[in-house]
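Please examine the sequence and the coordinates shown here before reading on.

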Amino acid sequence: MRWQDGRRSDNVEDQRGFGVKHGVIGGGAGILLILAVGLLTGADPLSILGAVLQESGSMDNSPVVLTAAENQSADFVAVVLADTEDTWSAIFTRKGMVYTEPKLVLFKGSVDSACGSADSAVGPFYCPADEKVYIDLDFYNELKDQYGAPGDFAQAYVIAHEVGHHVQNLLGTSAKVTRLEERSDETTANRYSVMLELQADCYAGVWAKQTDNTRHFLEPGDIGEAMNAASQIGDDTLQKESQGYVVPDSFTHGTSAQRMKWFNAGFTGGNMDACDTFNAAVL
Ligand SMILES: [Zn+2]
């Protein structure tokens, strides 16, 4: 991905320099709330909660020293965020709508959001209540080493997926789905969650295509990196790795095949209309 010459967004809130007290605000209820909003994966909620509970109560006020690699990651994220601002603003304008830019919060360890407090173990997420994307950049190492999804465009896809949730929030889709989920049994609610997540993947594909149309930022292998990332964080792949078997009714983000299919559906034509996961005959 050609990113160095891109514009940097002003909407990055860098909170990595502050030590955060664990377990002061939010607690278990906050963490559960986070799990209900726009996470990137549906991986292991119980082990995530375990990690959070183990850490709560500890305090860390030591100053955070950032490495050159971490600063470069932050620079990269600022370019990707700017590309989402430019591309989604143009798409909304063509629809006669106004795109409100989300903030992106960089944090280290844990963070407080309007959706509750969260540990970096939950991975990147979007909080509709404050319209902010939250990411601990250490996730990019996990993405490469644990999930087997290296590459700068895999990293860009992560941001684009979360911004996809922001688009859903602006369009009222997220609120509609939350209302549906509240009236549904768990299996049905999970199905709505999958539709919402696959649509965010599709919007990430729309963003990739439209940004490339204007800025020609894609390099050979980039789309492959995004498709591989979408595949590696599919519910079936993650469940097979963590527990050795899959429980389709418990899926909240879609299978590897579905996540690749919907990213590609958005990327192929660069058209949001191709992202109607809610009325698709087959997901
Ligand atoms: Zn998501």
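This is a predicted model: local features need pLDDT of at least 70, side-chain atom pairs count only at pLDDT 80 or more; totals for chains, interfaces and linings use all residues.

Residues are numbered from 1 along each chain as its sequence is written, and side-chain values use heavy atoms, with hydrogens and water left out.

The zinc ion has as its protein donors L39 (O), H161 (NE2), H165 (NE2) and E197 (OE), which lie 1.9 to 2.3 Å from the ion. Donors are N, O and S atoms within 2.8 Å of the metal (3.2 Å for Na, K and Ca), and because water is not among the atoms, sites may look incomplete. Along the sequence, the donor residues follow the spacing L-x121-H-x3-H-x31-E. H161 and H165 are 4 residues apart in helix α5 (residues 152–171), so about one helical turn separates them. Helices here are DSSP runs of H or I with at least four residues. H161 is buried, with 0% relative accessibility, and H165 is likewise buried at 3%; buried means under 20% relative accessible area, with a 1.4 Å probe and protein chains only.

The largest cavity has a volume of about 30 Å³. A cavity is a set of points on a 1 Å grid over the protein atoms alone where a 1.4 Å probe fits but cannot get out, and lining residues have an atom within 4 Å of a point. R16, L66, E70, F107, K108, D136, L137 and D138 form the lining of the largest cavity.

Notes. Helices (H or I, at least four residues) and strands (E, at least two) are DSSP runs, numbered from the N terminus. Buried means under 20% relative accessible area, exposed over 50%, partly exposed in between (1.4 Å probe, protein chains only). On a 1 Å grid over the protein atoms alone, a cavity is a set of points where a 1.4 Å probe fits but cannot get out, and a pocket is an open set with protein on both sides within 12 Å along at least five of seven lines; lining residues have an atom within 4 Å of a point. Grid points are joined across faces, edges and corners, and a volume is the space filled by probe spheres set on the points.
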